[in-house]
Structures are given as structure tokens and as C-alpha cells.
Amino acid sequence: MIGIFASVIDGVLVGAVYGLAAMGLTLIWGVMNVINLAHGAMIVLGMFMLYFLASVVGVPAYATIPLVAVVGFLFGVVLYWIAVHRVIGQPELMSLLSTFAVSMIVIGFGTALWTTSPYNVQVRVPGITWESYTFTGTHIMAAILAGVIAALLYLLLYHTRVGKAVRAVSGNREAAELTGIPTTQVLAMSFGLGVALAAVSGTLIATLFPFTILSGEAYQLKAFVVTVLGGLGNPAGALLGGIALGLLEGMATPFMPVSWIPVLEFVLFVFCLIAYPRGIFAFVR
Amino acid sequence: MKGKNPGAPIAFVYKDDPFVYKDDPFSKTVVNETRGLATKMGFKIVFDESYGPDTTDFGPVINKIVSSKATALLGGGHYADGATLARQLYDQKAGLKWITLLVAPDSPKFATLGDAAVGISVPSQWEPQVTYKPDFGPTAQAFTKAFEDKFKIEPGYHAAGGYTAGLLLQHAIETAGSIDQAKVAAALNKMDVVTMFGRTKFSTAPKEHGLQIGHEMVIAQWQKKNGKILKEVIWPKAAKTADIIY
């Protein structure tokens with residue numbers, strides 16, 4: 001019985017990080033109707049930024065997060081102007097192809113530079129042991145930081161003029177333009193914000209597990225499931241969706257082989273698309 | 001260890017042992033054979049589960065291993081998943097006395113896991129540190145030095161195995177005193193030698209003629225010495241460089 005509780009708690013902790021990974025994806029979709037297929041690559045860039053800052057330069061792992069966020073944001077803004085701006089308002093296939101190309105380029109460069117060998121960042125945070133089960137300090141820290149970052153995003157979106165502009169553009173770009181909001185800059189900033197969130201989630205994931213240049217794909221897939229659970233374009237729902245997905249993994253694992261968990265997740269994915277196309281957590285929009 | 005005798009790799013599977021392995025043909029084949037041997041040797045398998053190729057978080061699997069009260073673990077699949085499993089077993093203090101994983105611990109990069117690597121063992125065909133006393137040809141150390149001087153990289157078992165194949169053929173030709181195929185084949189049939197790769201003997205039974213039956217797998221274990229994480233050979237006795245840590 002304790003084992004089941006342990007799995008559930010573990011699931012929630014990891015789920016919060018899944019939620020953070022999905023927030024960037026859903027923000028970009030919500031503001032500019034772009035499905036960012038480079039999201040996994042951005043997650044991996046966050047992982048490698050942690051590796052080089054922490055293992056090579058010697059910056060404490062959690063102190064790298066603000067720097068990763070800033071670099072991720074700037075990279076995202078540049079990426080917007082290069083690869084996304086011209087496909088805004090075009091058929092969705094255009095933005096899919098464009099972001100997929102970005103993903104291929106980033107992964108290609110990464111493979112050439114760092115190979116597909118795994119990298120590991122040693123992070124030591126005391127955990128909590130309950131009976132024979134240990135909840136690692138890194139998982140607890142990652143979940144707390146994911147919650148803090150989600151709260152900061154909420155404050156930005158709902159309690160600042162910039163956030164109001166982002167929501168206005170998300171709601172109706174033409175109307176926002178008529179009220180004097182520089183919508184193109186808002187779109188660039190939103191894309192930067194989405195990439196920053198992806199990179200920071202990658203950094204947090206890299207404190208938990210070893211990773212390779214190809215690791216982003218698995219987290220991108222999870223982000224898609226979480227985004228559909230939480231509702232497309234709904235950052236708060238993404239966090240709840242991530243926690244719900246982690247909870248599902250935690251609750252199901254004690255009763256079925258772990259190799260069946262992805263099947264369960266994608267059955268849920270299809271069910272949500274059919275029964276709740278606006279997301280299970282649309283009410284927190 | 002059973003009777004303090006690390007004779008066969010399977011002896012590292014203690015009672016109440018789990019199997020966790022990657023859901024692919026290579027891992028499944030290895031586990032199927034090991035499972036049968038473990039059962040035959042009286043070990044109790046308390047956990048037996050595969051994981052998917054895209055598994056990134058082993059937390060739930062490790063919780064199940066802890067619940068099974070296992071004391072040893074055999075498993076793994078390839079590099080990325082094996083390294084992640086090893087790190088999470090350490091982070092989650094899984095309380096296992098023995099861990100053998102396929103593939104991942106064989107790579108020098110496994111040392112980057114730091115303390116999480118210590119104690120993890122891996123079956124291998126050959127390691128550069130083996131201390132076999134060859135009947136002919138170079139020692140593993142001499143071969144390794146020459147290889148590194150030429151190619152600037154540590155030789156793996158593929159390189160050592162290929163080189164040894166050439167050595168054995170040369171030895172068979174010299175023994176036969178001819179390059180006549182029948183005479184060389186007869187020399188190979190009679191061959192029972194030790195090279196830097198270990199013992200070599202070929203089966204002459206009709207159903208498995210030519211199969212290698214002399215070679216023993218090497219077991220390597222990551223150990224910490226003077227603050228350094230090193231891979232040591234712990235089996236077979238003829239090739240070991242350090243005692244087993246259990």
C-alpha cells in the first residue's frame with residue numbers, strides 16, 4: 001500500500017515538470033496558432049545549457065535557471081523572426097514544416113557537436129525517505145520550481161500590461177492591433193517566452209535524469225498529451241494536465257507493466273480529443 | 001555471494017531478485033536465458049518486468065522493485081536507459097546489494113554518473129584490463145597500448161575479438177604447417193588455447209560444430225579507489241584485477 005502512495009507522490013512530482021514542459025507549447029499555440037515542433041529541441045537545449053554551465057563552468061545547478069530562461073527567451077525571439085514570423089496566418093502545415101525544420105537543424109547540429117551519447121549532471125539535494133521509499137530531493141525541487149515558474153507566468157499574464165497585451169493578441173489579433181498593441185512584437189515575445197519555458201523545463205529534467213541530444217522527443221510527446229488534457233492555449237491547464245498525467249502514471253504503474261503506460265496515456269489523449277476537445281481543465285482558463 | 005564463489009555470472013542473482021529489462025529482442029533474449037538459469041540454481045524471482053524503449057523515468061519501476069523486497073537486480077538494455085536506471089537506483093536508495101546491467105556500464109562514459117556508478121557490474125566479452133596469460137600473442141595490456149598508440153582510442157571487445165580471430169587462424173595455419181583448408185580446420189578442431197581474449201576451444205559435436213565453448217564472459221564492476229571511479233575486472237579469476245564488491 002505504501003508502495004502505491006510512493007508511486008502516486010512520485011508521479012505528481014514528475015507531472016509538475018511535464019506541466020512546465022507543456023506550458024511553453026500551449027502558450028505558443030494559444031497566442032499564435034503555431035504548433036511548435038521544435039519544442040523538444042528547445043527542451044534539449046535547456047538540458048545542455050545546464051550541463052555546460054554546471055559541469056563545465058561550475059555554476060550551481062539551480063542558479064543556472066535564470067540564465068537559461070534569458071538565453072532561451074532571446075533565442076526564441078530570434079527564432080521567431082527567422083522561422084515563424086513569415087508563416088503566421090498561413091495554413092497550419094506551413095508552421096508545422098517550419099518548426100520541424102528548426103528541430104531537425106538543432107538536433108543535427110547537436111548530434112555533430114555532442115554526439116548522441118548521454119550526459120549526466122550530478123545534482124545533490126537531500127531527499128525524504130519514507131519506509132523503504134525515497135523521494136529524491138531533485139524531484140521535490142523540480143516540482144517546487146515548476147510551481148513557482150507557473151505562478152510567475154500567471155502573474156505575468158494576468159497582472160501586467162505585457163500579459164494583458166499577450167492575452168489581447170491571443171483573443172483577437174486584429175482588435176488588439178486597433179487598440180495600439182504592437183502585435184508583432186507581442187508574438188515575438190510570446191514565442192520567446194514559450195522557448196524559455198521549454199528550456200527551463202529541460203534544465204529541470206536534466207537535474208533528474210541523464211539525457212542525450214535526442215531526449216527532447218519523448219518530452220515533446222508528453223507535452224502534447226498534457227496540452228490536450230489541459231486545453232490548447234491554456235497555460236494553467238497545462239500545469240494541471242501535467243500533474244494529472246503524472247498522477248495517472250503513478251496510480252497505474254503498481255497495477256500494470258510499465259511498458260503499457262504509454263498506451264494508456266495515448267488512449268487518454270484520443271479520448272480527450274473526442275470527448276473534451278477544449279481540454280479537461282478548460283474551466284481554469 | 002553464493003558460497004562466496006562468484007563462479008558464474010548468474011550467481012550474482014540472489015534470492016528475491018528482480019529482473020527489469022528493456023522491451024527489445026536483445027534484452028529479452030538475454031533475460032530469457034538468465035531467468036531459466038536463475039530458476040535452475042534455486043533463486044527466487046520476485047519481480048520480472050520489461051520497460052518500453054522510450055522510458056525516461058524509472059521511478060515507478062524502482063518503487064515496484066523496492067516493494068518486491070529484492071536484494072539484487074539484473075537488467076538493462078542499452079546505454080541511455082541503463083545509465084538512467086543506474087542513476088535513479090542510486091538517487092532513490094533502492095537498497096540493492098547487487099546490480100548487473102547490460103551494455104551501459106561497459107562504456108567509459110558510465111563513470112560520469114559518479115557515485116551512482118559504484119558497485120554496478122556488467123557482463124562483457126573482454127576488457128583491456130584482463131590479466132590472462134596468453135599461450136601466444138600479446139597480452140591485453142600490450143595490445144591495448146599498441147592499439148591506443150595507433151588509433152588514440154581504447155580498444156573495445158570488437159577490436160580485441162577481431163585481432164584474436166586473426167591470431168587464432170595464424171596459429172592454426174602454423175600448427176597445420178599448411179594453408180590446406182582441411183588441415184587448418186583439423187587444427188582448429190583440436191585447438192584449446194589461451195590468448196589475451198581468454199580461452200578458446202571449438203565444439204566438434206555434429207549439431208554445434210565450430211561453436212565457441214571455451215570462452216568465459218568477463219564481469220566488470222565499477223569501483224571507487226582513491227576517489228577515482230574505475231572499472232575493474234572481477235571475473236573470471238584468471239583475468240581479474242580486483243576483488244568483488246558486494
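## A buried asparagine in chain A

Asn36(A) is buried, because its relative accessible area is 1%, and the cut-off for buried is under 20%. This model is predicted. Asn36(A) sits in the loop between helix 1 and helix 2 (39–57) of chain A.

What does Asn36(A) touch, once residues up to four places away in sequence are set aside? Its partners are Leu25(A), Ile28(A), Thr99(A), Phe191(A) and Gln220(A).

## Nonpolar cores

The largest nonpolar core holds 81 residues. Met32(A) and Met42(A) have the most contacts inside this core. Helix 1 of chain A, residues 2–32, gives the most to the core: 14 residues.

Take Met32(A) as an example. Leaving out residues up to four places away in sequence, Met32(A) touches Tyr80(A), Val84(A) and Ile88(A) among others. Leu187(A), Ser190(A) and Phe191(A) are also on its list. Phe191(A) is touched by Asn36(A) too.

Another core lies apart from the largest one. This other core has 30 residues, including Tyr51(B), Ile65(B), Tyr79(B) and Leu113(B).

One nonpolar surface patch covers about 570 Å². Ile144(A), Val148(A), Leu152(A), Tyr154(A), Leu155(A) and Tyr158(A) make this patch.

Is Leu152(A) buried or exposed? Leu152(A) is exposed, because its relative accessible area is 52% and exposed means over 50%. Leu152(A) is found in helix 5 of chain A, residues 137–159.

## Salt bridges

The count over all chains comes to 13 salt bridges. One of them joins the side chains of Arg87(B) and Asp91(B), at 3.0 Å from N to O. Both residues lie in helix 3 of chain B, residues 79–91. Arg87(B) and Asp91(B) are four residues apart, about one turn of the helix. Both are buried.

A second example pairs Lys224(B) with Asp115(B), at 2.8 Å from N to O. Why does this pair tie together parts that are 109 residues apart in sequence? Lys224(B) lies in strand 8 (residues 218–225) of chain B, while Asp115(B) lies in the loop between strand 4 (98–101) and strand 5 (120–124) of chain B, so the bridge links those parts. Lys224(B) counts as partly exposed at 45% relative accessibility. Asp115(B) counts as partly exposed at 31%.

Next comes Lys240(B), which forms a salt bridge with Asp243(B). Their closest N and O atoms are 2.7 Å apart. Lys240(B) is partly exposed at 33% relative accessibility, whereas Asp243(B) is exposed at 54%. Elsewhere, salt bridges that share partners join Arg124(A), Arg87(B) and Asp91(B) into one network.

Gln223(B) is placed in strand 8 of chain B. Lys224(B) lies in strand 8 of chain B as well. Gln223(B) counts as buried, because its relative accessibility is 2% and buried means under 20%.

Which backbone oxygen does the side chain of Gln223(B) reach? The side chain reaches the backbone oxygen of Asp243(B), at 2.9 Å. Asp243(B) is also the salt-bridge partner of Lys240(B).

Definitions and conventions
Residues numbered from 1 in each chain as written. Chains lettered and ligands numbered in written order. Predicted model: local features only at pLDDT ≥ 70, side-chain atom pairs only at ≥ 80, totals over all residues. Heavy atoms only, no water. Core = buried A, V, L, I, M, F, W, Y, C linked by side-chain atoms within 4.5 Å. Buried < 20%, exposed > 50% of the residue type's maximum accessible area, 1.4 Å probe, protein only. Helix = DSSP H or I, 4+ residues; strand = E, 2+ residues; numbered from the N terminus. Contact = heavy atoms within 4.5 Å. Salt bridge = Lys/Arg side-chain N within 4 Å of Asp/Glu carboxyl O. Polar contact = N/O pair within 3.5 Å; in protein donor to acceptor, adjacent residues only side chain to side chain. Patch = residues over 30% accessible without salt bridge, like charges linked within 9 Å, V, L, I, M, F, W, Y side chains within 5 Å. Areas by Shrake-Rupley, 256 points an atom, 1.4 Å probe, with all protein chains shown as cover.
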